[in-house]
Amino acid sequence: ALLQRLGYHPLAIEDALSTQYRRPKVEDYGDHLFMVLHGIDYEQSVEATETTELDLFVGPRVVVSSSTGTMPWCDPLVEQHARIMERGVATLTYAIIDALVDSVLPPVERMEEIADVLEEHALDHPTPEILDHIVRLKRSAALVHRVMQPQREVIARLARGDYPLLDGDRTAYFRDVVDHLARIEDFAHDLRDRADYLVLTYHSALGLRQNESMRQLAVVASIFMPLTLLTGINGMNFE
């Protein structure tokens, strides 16, 4: 009802109310913009990261945000003095997007630390539980990469000044956000490649352990096979 009262386009309202996944995008409806962005869902564990959607309606005087999950990074913006809002919708939109992107980097860096721990365990203790952790880490890295790549393209359009509502001195600031997104995308890409390497490391370590077990069994078998042969031929009839 609030979105309808503000006069936003019905298709944009429908997208904002939908619970289905949508790629990051920006749509220009003339007197307002509608953006779909994604951040990290902080209710999930870092190892099994999920994204949460943030929708932004940007008009000449009003910015309306709507999210599908918890976003604690937004609390400082709400608690701050109204000086951000006094600078116009472009500044407020930039502040929201910049805080959203900055909140993604710490979980991605934490995923790097988890990858270090998993690498040690994959070499020393290659158990099925470790493989499960590696697969979940790979899935999370692939999800972050899949979301951040189109999101960088969306923010790049804002940085180029393609939209009059956000055109002005904020375009340079949006270019800084693009740089941060590129860094996150590189992190996610490296994590996905590293997860593939961890899977190979796990199987190699598991194969080495199995070979060591087979070697020990072969040693035991080589000791008892002659005795078994003698008892099989002569029975137990020894003086």
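In which helix is Glu185 found?

## Basis of the description

This is a predicted model, in which local features need pLDDT of at least 70 and side-chain atom pairs count only at pLDDT 80 or more, while totals for chains, interfaces and linings use all residues. Residues are numbered from 1 along each chain as its sequence is written, and side-chain values use heavy atoms, with hydrogens and water left out.

## Glu185

Glu185 lies in helix 7, residues 171-234 (helices are DSSP runs of H or I with at least four residues, strands are runs of E with at least two, and both are numbered from the N terminus). Glu185 is buried, at a relative accessible area of 8% (buried means under 20%, with a 1.4 Å probe and protein chains only).

Leaving aside residues up to four places away in sequence, Glu185 touches His145, Met148, Gln149 and Arg152 (contact means heavy atoms within 4.5 Å). With the side chain of Arg152, the Glu185 side chain makes a polar contact at 2.7 Å (a pair of N or O atoms within 3.5 Å, one able to donate a hydrogen and the other to accept it; residues adjacent in sequence count only if both atoms are side-chain atoms).

Four strands form an open, antiparallel sheet in the order 1-2-3-4, where pairing requires at least two DSSP bridges between two strands. Strand 1 (25-28) and strand 4 (63-67) stand at the edges with a single partner strand each, so one side of each has no neighbour in the sheet.

Strand 3 (residues 51-58) runs antiparallel to strand 4 and is joined to it by five bridges; Leu54 has Ser67 of strand 4 as its bridge partner.

Definitions and conventions: Buried < 20%, exposed > 50% of the residue type's maximum accessible area, 1.4 Å probe, protein only.
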